[in-house]
Amino acid sequence: MPVTPRSSFLLASLVLAVLPLTATSQRVHSEPADSVVARWGEVEITLDQFRFAYPQFWRTVPAQDSPELRRQVAQRMVEQALIGLKGQAEGQGTSPAFQDRLSRDFERFARTAYLESEVSASLAPITETAVDSALAGKRMRRYVRQLFARSEDDIRRLYARLDTEPFEDVARETIPNRIMASRGGALGWIAWGETDWPIERVLSGLREGEVSEPVESLMGWHVFRVDSVEQTIAFATPDPKERTDTRAEIRNRRLDWAAARHIRGIVWAESLTVDYEVLNRVAEDLGPRLPQNAAESQTRPIVGIAETPPPDLESSIVATYGGRPFTVRQFYRALPDLPRDVFGPNLKPALEIAIRDRIMSDVALEAGYGRAPKVQGKTAWSESTYLYAVTMAAAYDSTEIDLDDYFASRRSRYIDEAKVELRELLVADRDTALALCKRIRDGETFEALAMRYSLRADIRETGGYLGYRDAGQDPMAARAMNMPQGALFAPFETEAGYSCFQVGEKRITYADLDAIRPRVRADAEAERGEALHRSLLPDAYDPAGVEVDEALLMHAF
């Protein structure tokens with residue numbers, strides 16, 4: 001039978017899954033979001049689309065942010081949009097799963113835009129004093145204990161008991177978490193950035209042995225005691241970049257906290273009723289497909305769940321909020337966007353977050369944020385990237401890779417060991433080295449001149465023979481591997497003088513395909529992907545014809 005308590009909507013979930021505002025919270029630029037940063041033909045990439053896509057790309061590549069990388073990404077975005085249009089013309093992107101994914105993105109963008117608009121204006125300016133305090137806080141950590149209660153009245157009663165009772169004893173009697181209670185309320189060592197923003201501010205003002213006034217978090221009310229403080233002494237002045245990054249961190253944390261409080265206020269206005277009989281049947285269906293442990297929750301994707309609720313359950317109402325029904329179909333639809341760490345045998349946390357997001361989507365769309373240019377632009381770019389992905393996937397399905405042929409044609413990439421025979425003639429100055437190399441080219445033997453002139457006494461009698469050197473470890477050998485046998489290269493300056501080297505025989509051992517098959521397959525797939533990308537571009541496309549606004553790209557962030 002349904003159970004109908006008024007719900008707190010899992011306060012912890014507000015911390016776990018506050019909408020990501022940080023991608024846009026650092027923007028202080030006045031350029032219109034629909035300004036065009038790159039164009040080819042009718043395809044245009046707007047400034048807001050670039051701001052949205054570039055950080056996601058930059059996090060996946062080892063390259064440093066640079067004007068050249070920004071230009072390359074903008075050009076790549078144009079190419080992806082062109083291929084997406086080709087796929088759209090061929091009927092890609094019409095499946096229900098594609099449209100459902102795009103709809104979820106649209107709602108998420110609307111929620112984010114709503115929160116940015118509603119919350120950002122409430123944030124106070126970040127002062128230089130606040131930045132200094134944060135920089136100091138990053139060099140400190142505190143060993144903290146807490147008292148906890150759900151209401152302000154309860155925490156003040158506990159706070160009053162500290163006048164006559166030890167902090168640890170009050171914590172043992174009152175904290176609901178048994179492990180923390182047994183430790184006298186010990187939270188352990190806490191560093192800057194590891195707590196809610198209001199708690200951070202309270203702890204930063206406490207010295208060793210001091211107890212805080214009651215403070216509210218999203219979970220409830222707390223009193224803290226600092227048992228010990230550790231500080232790292234910094235002798236260097238923070239560079240401007242560190243100050244800029246810290247200022248952005250402060251703003252992001254304030255924004256996330258304000259957003260969480262805003263969400264909580266809206267969600268708490270609703271009443272939640274859960275039908276546990278239906279929810280248990282859903283858990284039986286989802287169990288085998290959901291992550292089974294913490295490690296899997298971070299890596300295992302939830303594939304296909306959005307399209308596959310059990311037919312006999314699809315229209316069942318698993319919960320109601322504010323008198324509105326929430327169906328099993330809606331719950332399945334929300335699953336791919338939920339934090340992975342809320343999935344477990346008890347699906348109620350995941351259900352509450354799904355309903356929370358549904359409420360916030362309704363609020364944002366009713367307020368008109370779905371029509372905001374920023375939301376429309378991000379949604380258009382999402383559609384373009386999905387079209388690109390399905391078009392590329394279709395092209396992949398129509399081609400095959402012969403791994404043996406691929407490996408055979410590129411064996412030089414997969415060298416297990418490469419050694420080269422070297423001789424060295426070491427002299428004191430550059431001109432002498434060059435003169436001796438000329439004499440060798442004119443017909444005198446390397447061995448004879450090395451035995452006569454080389455400063456390397458240990459190999460003089462062998463005509464400067466160094467033996468076989470590993471190209472993977474010796475820079476001289478690595479250079480020699482790219483030269484023909486008998487070649488000379490000089491003068492090469494070392495601490496001992498100037499050397500003339502002669503390249504001898506090369507010995508190359510190639511890797512066995514079976515031993516490195518996963519690596520070769522990954523290389524082949526990447527190469528095939530790039531080839532397919534190029535093949536799907538319009539015949540008239542010329543990368544040099546992409547118009548890029550370099551100034552806008554430079555000031556995008």
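**Reading a predicted model: burial, a disulfide and a cavity**

Buried residues make up 44% of the 557 residues in the protein. The model is a predicted one.

Reader: How many helices and strands does the secondary structure of the protein comprise?

Author: The protein has 23 helices and 14 strands. Among its contacts with a separation of 6 or more, 74% are between residues 24 or more positions apart. As for the surface, the protein exposes about 29,200 Å², and carbon and sulfur atoms supply 51% of that area.

Reader: Which cysteines are joined by a disulfide?

Author: In general, a disulfide is a covalent bond between the sulfur atoms of two cysteines. Here, a search of the whole structure finds 1 disulfide. It joins Cys437 to Cys500, with an S to S distance of 2.3 Å. The pair links distant parts of the chain, 63 residues apart: Cys437 lies in helix H18 (residues 430-441), whereas Cys500 lies in strand E13 (residues 497-510). The angle about the S-S bond is 130°, and the link of Cys437 and Cys500 is right-handed.

Reader: Is Cys437 buried or exposed, and is Cys500 buried or exposed?

Author: The cut-off for a buried residue is under 20% relative accessible area. Cys437 is buried because its relative accessible area is 3%. Cys500 is likewise buried, because its value is 1%.

Reader: How many cavities of 30 Å³ or more does a search of the whole structure find?

Author: The general idea is that rolling a probe the size of a water molecule over the atoms shows where empty space is left. In this structure the search finds 2 cavities of 30 Å³ or more. The largest cavity holds about 80 Å³ of space.

Reader: Which elements supply at least two residues each of the lining of the largest cavity?

Author: These are strand E3 (140-149), strand E4 (186-191) and helix H10 (197-204). Strand E3 gives the largest share of the lining, 4 residues. The lining residues of this cavity include Met140, Arg141, Arg142 and Val144, as well as Ile190, Ala191, Trp192, Glu200 and Leu203. Gly137, Glu194 and Thr195 also belong to the lining.

Conventions
Residues numbered from 1 in each chain as written. Predicted model: local features only at pLDDT ≥ 70, side-chain atom pairs only at ≥ 80, totals over all residues. Heavy atoms only, no water. Disulfide = S-S within 2.5 Å. Buried < 20%, exposed > 50% of the residue type's maximum accessible area, 1.4 Å probe, protein only. Contact = heavy atoms within 4.5 Å. Areas by Shrake-Rupley, 256 points an atom, 1.4 Å probe, with all protein chains shown as cover. 1 Å grid on protein atoms, 1.4 Å probe; cavity = no way out; pocket = protein on both sides within 12 Å on 5 of 7 lines; lining within 4 Å. Points joined across faces, edges and corners; volume = space filled by probe spheres on them.
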